[in-house]
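Have the structure open as you read.

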Amino acid sequence: MTDSEGKDVQLDPTLAFDRQDIEFVAAIREGRDPESSAASVVPTMVLLDKIDKAMNS
Amino acid sequence: MGEVHVKALAKIEDVEIVSIAARTDESGKAFAEKFKIPFSSSNLEACIDRPGVDAVILTTPSDQHHDQTILALSKGKHVQVEIPMSLNLPDAQNMLAASKKAGKVCMVTHTRRFSSPHREIRRRIQEGTFHLHHMVVETYFFRRTNTNMHGQARSWVDNLLWPSRLPFSRSGPLDPRRAELGRVGTEGTRPSGAQDSDGHFGGDEIEEGAALHDGDVLQQQGPVRRLLPLHRRGRDLQGLPGLE
């Protein structure tokens, strides 16, 4: 990734797919909600539902 | 996507893959052999019921997400389910309620949230050093073949990769009343009326399904002949016959 001045931005090299399953397993072991939990996605589903109704009514 | 998870989980300590569910017994066996998984079946429930299963990862067609998530949660398993979590709001709310009732994790596979560039931007926004002035997001529908991210033929069509109101967005048989809109198969075509003067959303012949990805995660296949900016989709799609 480069910024607006074309300079390289240093990033953690962990792959997204790896980090995702690490988070899933960690949330289970720690008994907590994971990043990207169903609870965090439902508000977006509410918004999509409103858009869907607005576009199709 | 099953393979992606198997490889990711192999890097995590004390995680064991107990069973693999596949569409057919043959493909399940081949997958299990390749990754040394002790049990495979075309019956999801049989896989969930294997001794030692704590969690289930669903990488199945979108219209199966709701029922399968509810099934796994009702058996006391943690679930990670592919996007989209469901095809409508009531289903999503059901899934959340079932997760709360079971006291189990229900996670949705929104991989973008875990990618380093996205996390870095999020960190800067939270830190207050990144101020959004203007954002351009374009998603292109590139694919001309109905294949998965490994280039293998799909038995279903991922409705996230297609305009979602087209009739081939489900894994089941097509609704014959709407089948004229497009067919999945070797002679699949897009509706001819869908093309506008800019050539958006072509009515051209395509070989077998077509689909898109944001280019940074998955490969594109075939020549890029038409681009469909996301912000135009609403307008373009409205011209499609049969859309409600």
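## One turn of a helix

In chain B, helix α1 (residues 2-10) holds both Glu3(B) and Lys7(B), which sit four residues apart, about one turn of the helix. Helices here are DSSP runs of H or I with at least four residues, strands are E runs of at least two, and both are numbered from the N terminus. Glu3(B) and Lys7(B) make a salt bridge, with their closest N and O atoms 3.0 Å apart. That term means a side-chain nitrogen of Lys or Arg within 4 Å of a carboxyl oxygen of Asp or Glu.

Are these two partners buried or exposed? Glu3(B) is buried, at 14% relative accessible area, while Lys7(B) is partly exposed at 45%. The cut-offs are under 20% for buried, over 50% for exposed, and partly exposed in between (1.4 Å probe, protein chains only).

## What you're looking at

This is a predicted model, where local features need pLDDT of at least 70, side-chain atom pairs count only at pLDDT 80 or more, and totals for chains, interfaces and linings use all residues. Residues are numbered from 1 along each chain as its sequence is written, chains are lettered from A and ligands numbered from 1 in the order written, and side-chain values use heavy atoms, leaving out hydrogens and water.

Glu30(A) is exposed at 54%, and Arg32(A) is partly exposed at 29%.

Another links Arg113(B) with Glu35(A), at 3.6 Å between the closest N and O atoms. This pair crosses between chains: Arg113(B) is in the loop between β5 (106-109) and α6 (116-127) of chain B, and Glu35(A) is in the loop between α1 (16-30) and α2 of chain A. There's also a salt-bridge network made up of Glu120(B), Arg123(B), Arg124(B) and Glu127(B).

## A nonpolar patch

On the surface, Leu47(A), Leu48(A), Ile51(A) and Met55(A) form a nonpolar patch with about 380 Å² of accessible area together. Patch residues have over 30% relative accessible area and no salt bridge; like charges are joined within 9 Å, and nonpolar side chains (Val, Leu, Ile, Met, Phe, Trp, Tyr) within 5 Å. Areas come from the Shrake-Rupley method with a 1.4 Å probe, and for residues only the protein chains shown count as cover. Met55(A) belongs to helix α2 (residues 38-56) of chain A and is partly exposed at 49%.
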